[in-house]
Amino acid sequence: MSKSTTIEDFRNHKKKQTKFACLTAYDASLSALMSKAGVELILVGDSLGMVVQGHDSTIPVSMEDLLYHLRCVKKGNLGSHIMADMPFMSYATENLAYDNAMRLMQAGANSVKVEGGEWILKTTELLSQRGIPVCAHLGLTPQSINRLGGYYVQGRDLEDKNRILSEAKQLENAGAEIILLECVPASLAEEISSSLKIPTIGIGAGSATDGQIMVCYDAIGAYSWDDQPQPKFVKNFMNESNSIFEAFEKYVSEVKNLKFPSADNSF
């Protein structure tokens, strides 16, 4: 990529109604390939707990784990915007959130992602006021898996739908720069995206969001689902590619040209 990608670039995508592609990364090598392929946002996700460390959830991931992988990704990055997840309980209080977000920014993040709705409003406002861009993660929030009871689509009933829509608007007002929607009906994601001035990113949320994100290993088929069916929102771009770099390029192209996600990848 010729220049560093900023929050303003994502705002411009929203204004121009163009799409941007995002992937997770956890190391220097893949982050370099993504940057070259045109991935505009790289998320150093706490998904590393499952796909790198082998846990059954993201909850065991520590701040030190996240900081280590963030520094690796930073070294390989060639201009993509780097977003870092705030791990489980790293933002349990506003002061804790401020201290940990500062550590992530100093380690190379350009923004941080926080899971939650109404309860993270004050944290979002605090970080935003201190110059730390916040992405608020709504819908299926993996850090709450023990409360949710499983990896289920969120926002299907009217009450849940209205709650998620309301929380998205409140978070925008609190200073969130981006809303990430995971595993919600495509119709709800479309309503939220059209209701907000800030960009939205989707995973399992249909094609109406401003950006799309996938776990990098899912995009290249480097996963093991055991006896479980492949998640509906996953596509293996290696099936039609000759290299990982080509798979990343194909992913970017399909996102930008509205070929991915299709209705088959949506709820």
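This is a predicted model: local features need pLDDT of at least 70, side-chain atom pairs count only at pLDDT 80 or more; totals for chains, interfaces and linings use all residues.
Helix α2 spans residues 28-37, and its buried residues are Leu30, Ser31, Ala32, Met34, Ser35 and Ala37. An α-helix has 3.6 residues a turn, so residues three or four places apart point the same way. The cover over the buried residues of α2 includes the strands β1 (20-24) and β2 (41-44). It also includes the helices α4 (63-76), α10 (216-219) and α11 (244-256). Just after α2, Gly38 adopts a positive phi of about 100°.

Backbone geometry was examined next. Most residues other than glycine have a negative phi, and most peptide bonds are trans. Met89 has a positive phi, near 70°, and is located in the loop between β3 (81-85) and α5 (94-106). Cys183 likewise has a positive phi, near 50°, and is found in the loop between β6 (178-182) and α9 (186-195). With a relative accessible area of 51%, Met89 counts as exposed because the value is over 50%. Cys183, with a relative accessible area of 5%, counts as buried because the value is under 20%. A cis peptide bond, with omega near 0°, leads from Phe260 to Pro261, and Pro261 lies in the segment that follows α11.

Empty space inside the model was also considered. Rolling a probe the size of a water molecule over the atoms shows where empty space is left. Across the whole structure, two cavities of 30 Å³ or more were found. The largest cavity holds about 60 Å³ of space. Its lining consists of Gly202, Ile203, Gly204, Ala205, Gly206, Gln212, Ile213, Met214, Phe233, Phe260, Pro261 and Asn265. The elements that contribute two or more residues to this lining are β7 (200-203) and β8 (211-214), and β8 contributes the most, with three residues. In terms of class, seven of the lining residues are nonpolar and five are polar, while none is charged.

The second largest cavity has a volume of about 30 Å³. Lys19, Ser207, Thr209, Gly211, Gln212, Val255, Leu258, Phe260 and Pro261 form its lining. This lining has four nonpolar, four polar and one charged residues. Phe260 and Pro261, the two residues joined by the cis peptide bond, are among the lining residues of the largest cavity and of the second largest cavity.

Technical notes
Residues are numbered from 1 along each chain as its sequence is written. Side-chain values use heavy atoms; hydrogens and water are left out. Buried means under 20% relative accessible area, exposed over 50%, partly exposed in between (1.4 Å probe, protein chains only). Helices (H or I, at least four residues) and strands (E, at least two) are DSSP runs, numbered from the N terminus. Contact means heavy atoms within 4.5 Å. On a 1 Å grid over the protein atoms alone, a cavity is a set of points where a 1.4 Å probe fits but cannot get out, and a pocket is an open set with protein on both sides within 12 Å along at least five of seven lines; lining residues have an atom within 4 Å of a point. Grid points are joined across faces, edges and corners, and a volume is the space filled by probe spheres set on the points. Ala, Val, Leu, Ile, Met, Phe, Trp, Tyr, Cys and Pro count as nonpolar, Asp, Glu, Lys and Arg as charged, and the others, Gly among them, as polar.
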